[in-house]
Amino acid sequence: MNILVIYPYIPYPIDRGTYQRTFHLLRELAREHTVDLIALSENGERLEHRPVFEAFCREVTFVPFQHPQWPKLFPNRLLNLTPSSIRHWQLPHIAEVIRQQVKSRRYDLVHVCDIVLAQYFLDEHKDIPLSIDRSRVDLQFQTQQAAFNTHNIKDKFLAGEHLAKMWLFERKVARRSQLQVLCGPDDEVFVRQRISQEVPLQVIANGVDLDYFKADPEPGPLAAQPTVLFCGAMDYTPNVDALRWFFSGIHERVLKAVPNLQVLIVGKSPLPEVQAYATRPGVTVTGSVEDVRPFYRRSWLQMVPLRIGGGTRLKIVESLAIGTPVVSTTIGAQGLDLKHDTNILLADTIETFADQIVRALQNPPLREHLRVNGIRTARERFGWRQIGAKLCRAIESRFEPDRRRQIRIMDVPFDVVTMAQTVERIGDMVTSRQPHYLATANVDFLVQSSRDTELRRILDKAHMVVCDGTPLVWLSKWLGRPLPERVAGSDLVPELLAKAEKAGWRVFFLGGERGVLAEAVRNVETQYPELEVAGAYSPPFAPLDKMNHDAINRRIREAAPDILLVSFGCPKQEKWIARNYQALGVPVSVGVGATIDFLAGSMRRAPVWMRRCGLEWVFRLLQEPRRLLKRYAADLAVFGCGSILELTSSLIFHKSARP
């Protein structure tokens, strides 16, 4: 799929929890699909990190911007139905960048992070499916925030005004989006109860970089005194509220049982309220640190006293992976499916939270039990590769382009495409720069694949299989699963060469007899003078397993073509392509059979009327009776029997399906 991903920030360096999620999911998505990235750069920062994303994205566009001033209460805010937190991201030059990108390419999906960017697709670009990855559900987050932070009538009025507008906006986004990706089941319950029963949802929990947050085989010494860690961005409201709750009563209770308690508050941008906690005995506020892992490793445990949910919960999975036991509220660990006393300790009141901290600090065997189980849980469930694969499956199941429809004839898949659609899809493959292979399957393919399991597997896994046989088109129509037309390899190649000449694609010819290949290239260069022929090579004839694959591959890689046309005959050419196409890295490899002979003029094609009547095989037989008579006779027998079985099976099925 071609996917346009749009982020409201550049998630690198990975110094915030949301950056971890968005960066790693982007990289995993790009493993399976062709991804273009647009990321917003606040005040032009982080632009130097473009190469990080160019390593796995096809195109990377960074858009510098500055947040506008917040609107005045009257009339700009009160008389506008869009929530002010959404309007804050409503910038014309960002909309124009998106317009130009969407014009330049065809996308199967737009995947945005958070609903602040969904607004660009509510009234424009409605023809492109929209998916939203939500690090938090805005209405849920702001509802919880209002419950803790409204202290007077004005605050309550403004919170109510904003929540009402946010509810309307959330509903509008839900109607537009074809998928919303959430961090936890609590988010899913909230969306279903408060926003929409119909919007498709998928819970994708957060993961952890298992190589970076790797537990030591033999854990090093802990801090000399009992040390509790709280890690996270210290300008993030839920974290600030968590510390406020902790120091409102939990800290004092723990100190009574553990007088030498040390509290480490580690994270960037601590607000004055957070900095003030450093005046308390045993409390250290570090601010931003280059590497949080030493703090994890020296701490006896990490606390997560969150009361406002809907966040990324990354601090917990990092702790599990590195082997630091965790005490958390239930809301802080929602969506991670962790069990109290097995891989985490859970508590939701001041008294019980303090008791669990004391219990863990005074019980080394319990901490070791939590450490071992936490490491195992992280390895089994929270690696980004597993999390990213789940996201890819969710997207593919909902957004797989419907233009790839297939039918099966005698257990061989055929793409339901015309010649024009085939050329268009090949163009998409070239643009993606990812390796693909195609097969042009005729009756002989079906016959050979019925007894050749490797060929059948190759056809099943091909990125496209086109129908190169008029009898197959007829049979598909009799079966009620019609193929639109024959897409013969010998017709497809001239179409591709003409397209390549216009688009500037480089073409490499492989196979055929040496003199025939040279003549074919001369004719091609005469007919398509602007075409860039990257190379042509006729390797010495040898069975597939005895060919010098390394030498052939080296020659092709050095030529760096966009399209590779292979003429070894079936099934040798299909097997050679399937074994080598990934190592070659050529965007499109196609087995073309006798097409090089046709291009050279050493073999004549049947007249058009014979091709339309399905009699091209007769013309070929008259040209090469000795070579083709036995093959065609076998093909006719096997295909005839197979066709009768297919038609009979189809007739029985339709009869049994009638009421």
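The protein has 27 helices and 21 strands, where helices (H or I, at least four residues) and strands (E, at least two) are DSSP runs numbered from the N terminus. This is a predicted model, in which local features need pLDDT of at least 70 and side-chain atom pairs count only at pLDDT 80 or more, while totals for chains, interfaces and linings use all residues. Residues are numbered from 1 along each chain as its sequence is written, and side-chain values use heavy atoms, with hydrogens and water left out.

**Overall picture**

- The C-alpha trace spans about 100 × 65 × 60 Å along its principal axes.
- Of the 659 residues in the protein, 54% are buried (buried means under 20% relative accessible area, exposed over 50%, partly exposed in between, with a 1.4 Å probe and protein chains only).
- Among contacts with a separation of 6 or more, 70% are between residues 24 or more positions apart (contact means heavy atoms within 4.5 Å).

**Two helix pairs to look at**

- Two packed helices are described by the angle between their axes and the distance between the axes. Axes here are lines fitted to C-alpha atoms, for helices over the stretch in contact, and angles run from 0 to 180 degrees between N-to-C directions.
- Helix α9 (residues 237-257) packs on helix α13 (residues 350-361) at an angle of about 40°, and their axes are 9 Å apart. That makes α9 oblique to α13 (angles under 35 degrees count as roughly parallel, over 145 as roughly antiparallel, 65 to 115 as roughly perpendicular and the rest as oblique).
- The α9 and α13 crossing is right-handed; a crossing is right-handed if the near helix is turned clockwise from the far one by less than a right angle, and left-handed if anticlockwise.
- On the α9 side the contact is made by W245, F246, S248, G249, I250, R253, V254 and A257, and on the α13 side by I350, E351, F353, A354, I357, V358 and L361.
- By class, this contact of α9 with α13 has 11 nonpolar, 2 polar and 2 charged residues (Ala, Val, Leu, Ile, Met, Phe, Trp, Tyr, Cys and Pro count as nonpolar, Asp, Glu, Lys and Arg as charged, and the others, Gly among them, as polar).
- Helix α16 (residues 419-432) and helix α20 (residues 489-503) cross at roughly 50°, and their axes come within 10 Å. That makes α16 oblique to α20.
- The crossing of α16 and α20 is right-handed. M419, T422, V423 and I426 of α16 make the contact with D491, L492, E495, L496 and K499 of α20.
- The contact of α16 with α20 has 5 nonpolar, 1 polar and 3 charged residues by class.

**Helix α22 and its two sides**

- In helix α22 (residues 549-559), the buried residues are H549, I552, N553, I556 and A559. Seen down the axis of α22, these fall within an arc of 125°, so they line one face of the helix (the arc is that of the directions from the helix axis to the C-beta atoms).
- These buried residues of α22 pack against β18 (506-511), β19 (532-537), β20 (563-567) and α23 (572-584).
- The exposed residues D550 and E558 sit on the face of α22 turned away from its buried side.
- After α22 comes A560, whose phi is positive, near 50°.

**Backbone points worth a check**

- Most residues other than glycine have a negative phi, and most peptide bonds are trans.
- The peptide bond from Y12 to P13 is cis, with omega near 0°, and P13 is in the loop between β1 (2-7) and α1 (17-32).
- The peptide bond from C570 to P571 is also cis, with omega near 5°, and P571 is in the loop between β20 and α23.
- N43, in the loop between β2 (34-42) and α2 (50-54), has a positive phi near 60°. N43 is partly exposed, with a relative accessible area of 47%.
- S269 is not a glycine, yet its phi is positive, about 55°. S269 belongs to the loop between β9 (262-266) and α10 (272-276) and is partly exposed, at 34% relative accessible area.

**Two single residues**

- D133 lies in strand β5 (residues 130-133) and is buried, with a relative accessible area of 3%. Leaving aside neighbours within four places in sequence, D133 is in contact with R21, L25, H111, V112, C113, D114 and V181.
- N80 is in the loop between α3 (73-77) and α4 (84-87) and is partly exposed, with a relative accessible area of 24%. Not counting residues up to four places away in sequence, N80 touches R87 and K165.
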